[in-house]
Amino acid sequence: MGKLEDLLANQEVIILDGALGTELEERGYDVSGKLWSAKYLLKNPRIIQYLHSIYLRSGADILTTSSYQATVQGLTDFGLSEKEALDIIALTVTLVQQARDEFWRTLSDEEKAKRSYPLIAGDVGPYAAYLADGSEYTGHYHLSKEAYQAFHRSRIQTLLAAGCDFLAIETIPNVHEAKALIDLLATDFPEIEAYLSFTAQDDSHISDGTPIEVVADLCEQSPQVLAFGINCSSPTVISGLLKRIRTVSQKTLVAYPNSGEVYDGSTQTWTSSPDEARTLLENSKTWLTLGAQIIGGCCRTSPKDIVSLAQAFHK
């Protein structure tokens with residue numbers, strides 16, 4: 001049994017960390033540009049480690065590496081060599097490991113007994129994150145299966161070699177990229193566990209317009225995808241999507257929304273107003289009844305949101 005499978009079997013509610021780029025902005029860091037928060041892996045990696053520590057103290061059971069925007073192509077475009085780019089991707093795992101080790105040393109035996117040992121998810125963002133034009137919310141880009149796999153392969157290899165516990169393949173808006181990734185896991189990384197999550201703009205489809213039932217069936221057929229669901233989408237669409245998924249699959253579901261604001265890729269800003277009708281905790285309680293087991297926050301959420309989940313579900 002792998003580490004993610006073991007956690008799913010032994011903990012009723014699993015809490016993810018929250019937004020990284022948002023938290024950097026809150027502390028006055030500029031995250032504009034194609035590398036977004038990943039540029040601080042080059043400029044100030046200790047701030048990334050510090051934010052991981054904050055989410056651990058907030059109660060997160062799973063920490064995701066800061067590799068969403070850290071791709072070989074993106075880093076080499078920035079001027080790094082391929083080896084330097086791969087070293088930076090490996091660093092994203094090291095920073096989480098160091099944060100986890102330091103945090104775990106501060107706990108008493110009694111405190112350790114009350115929570116699971118935090119796992120490290122190697123973050124694999126979509127090709128759209130490299131484009132940095134907001135297309136992770138539209139899915140309007142097209143590569144061949146081989147091109148998608150070539151784009152993702154070396155990053156996945158590096159994250160795994162550096163010691164992440166499993167993969168978090170997240171914010172996927174495009175069914176063809178999802179299928180290419182699932183096939184890549186099967187052919188190149190057959191022993192690796194993963195969860196996979198999609199973006200959506202309504203309660204019936206992922207962002208490229210593919211019915212959620214179609215991608216649910218893809219995930220259902222993969223023995224390596226232990227859980228799947230929706231992330232970085234408005235809280236208002238998630239319940240409907242989870243209900244539709246349940247007509248196809250009984251696998252564990254994942255739900256970690258953004259604030260409900262809308263991302264404008266042309267200006268790299270969030271517009272509209274957050275959805276304040278219900279808190280993340282209130283929404284999460286609903287999603288748990290619909291099959292979600294892994295919950296958390298994505299863009300525009302904060303450590304305070306994770307604290308609220310931990311206080312409610314870590315008893």
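C219 is buried, at 0% relative accessibility (buried means under 20% relative accessible area, exposed over 50%, partly exposed in between, with a 1.4 Å probe and protein chains only). The model is predicted, so local features need pLDDT of at least 70 and side-chain atom pairs pLDDT 80 or more, while totals for chains, interfaces and linings use all residues. Residues are numbered from 1 along each chain as its sequence is written, and side-chain values use heavy atoms, without hydrogens or water.

The count of disulfides is zero (a disulfide is a pair of cysteine sulfur atoms within 2.5 Å). The closest cysteine sulfur to that of C219 belongs to C298, 17 Å away, which is too far for a bond. C298 is also in no disulfide; its nearest cysteine sulfur, in C232, is 3.7 Å away. C298 is buried, with a relative accessible area of 11%.

Nine aromatic pairs were found in the whole structure (ring centres of Phe, Tyr or Trp, the last by its six-membered ring, lie within 6.5 Å; planes under 30 degrees apart are stacked, over 60 edge-to-face, the rest tilted). One of them joins Y127 and Y141, a tilted pair with centres 5.9 Å apart and 45° between the planes. Y141 also pairs with Y148: the centres are 6.3 Å apart and the planes lie at 70°, so this pair is edge-to-face. Y141 is buried at 5% relative accessible area, and Y148 is buried at 1%. Ring pairs link Y127, Y130, Y141, Y148 and F151 into a cluster.

K34 lies over the face of Y130, 4.6 Å from the ring centre (NZ of Lys or CZ of Arg must be within 6 Å of the centre and within 35 degrees of the ring normal).
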